[in-house]
Amino acid sequence: MKNVLVLCTGNSCRSQMAQGYLEHFAKSRANIYSAGIETHGLNTKAVAIMKEDGIDISSHTSNHVDEYAAIEFDFIITVCDHANENCPFIPSKGAVRLHHNFTDPSKVEGSEEEIQEAFRSTRNQIKDWCEKFVNDNL
């Protein structure tokens, strides 16, 4: 079974959405983990926008990457530039490292409708990327 780590800055939003979609598309073909180089707690807007698409991430937790030091990962995916540039050493020798910077919807300012649309847009981009990743790699 493949081990996949999704890494972001705070493990509250984009990495959580990616974990949800990777688990959905991979089914039992991989163990999916998400972590941050910091922990910021689970973003409630991310939970809501995922639920809108039928994916429940409400039981996810915000984890620090150091918690997974003993796991040998096959894939390490960074979903934001900050995590990609500041990622600590992860000792998975054979890991394929992939990067895709998704816009952080939690930084969007505006009306509630504009913020929700930002979350929806990022969610849909992550969904498409995750489905392709699973089809190509798992």
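My notes follow, topic by topic.

**Ground rules.** This is a predicted model, so I kept to its cut-offs: local features need pLDDT of at least 70, side-chain atom pairs count only at pLDDT 80 or more, and totals for chains, interfaces and linings use all residues. Residues are numbered from 1 along each chain as its sequence is written, and side-chain values use heavy atoms, with hydrogens and water left out.

**Sheet.** I took helices (H or I, at least four residues) and strands (E, at least two) as DSSP runs, numbered from the N terminus. Strands pair if DSSP finds at least two bridges between them. I found an open sheet of four strands, ordered S2-S1-S3-S4 and paired in parallel. S2 (30–36) and S4 (96–99) are the edge strands; each has a single partner strand, so one side of each lacks a neighbour in the sheet. On average, neighbouring strands are turned by 20 degrees against each other, direction ignored. I also checked S1 (residues 2–8) against S2: the two pair in the parallel sense over seven bridges. Asn 3 has Asn 31 in S2 as its bridge partner.

**Helices on the sheet.** Contact here is heavy atoms within 4.5 Å; axes are lines fitted to C-alpha atoms, for helices over the stretch in contact, with angles from 0 to 180 degrees between N-to-C directions. H1 (residues 14–26) lies across S1, S2 and S3 (75–78), at about 180 degrees to S2. H4 (residues 112–137) lies across S1, S3 and S4, at about 160 degrees to S3.

**Cysteines.** How many disulfides does the structure hold? I got zero, using cysteine sulfur atoms within 2.5 Å as the test. The sulfur of Cys 13 is too far for a bond, because its closest cysteine sulfur, in Cys 8, is 7.6 Å away. Cys 80 is in no disulfide either, with the sulfur of Cys 8 at 3.5 Å. Cys 80 is buried at 2% relative accessible area (buried is under 20%, exposed over 50%, partly exposed in between; 1.4 Å probe, protein chains only).

**Rings.** I counted six aromatic pairs in the whole structure (Phe, Tyr and Trp rings, the six-membered one for Trp, with centres within 6.5 Å; planes under 30 degrees apart are stacked, over 60 edge-to-face, the rest tilted). Tyr 33 and Phe 73 have centres 5.5 Å apart and planes at 85 degrees, so I logged them as edge-to-face. Phe 75 and Phe 133 are also an edge-to-face pair, at 5.0 Å and 90 degrees. Phe 75 sits in S3 and Phe 133 in H4, so this pair ties together parts 58 residues apart in sequence. Ring pairs link Phe 75, Phe 102, Trp 129 and Phe 133 into a cluster.
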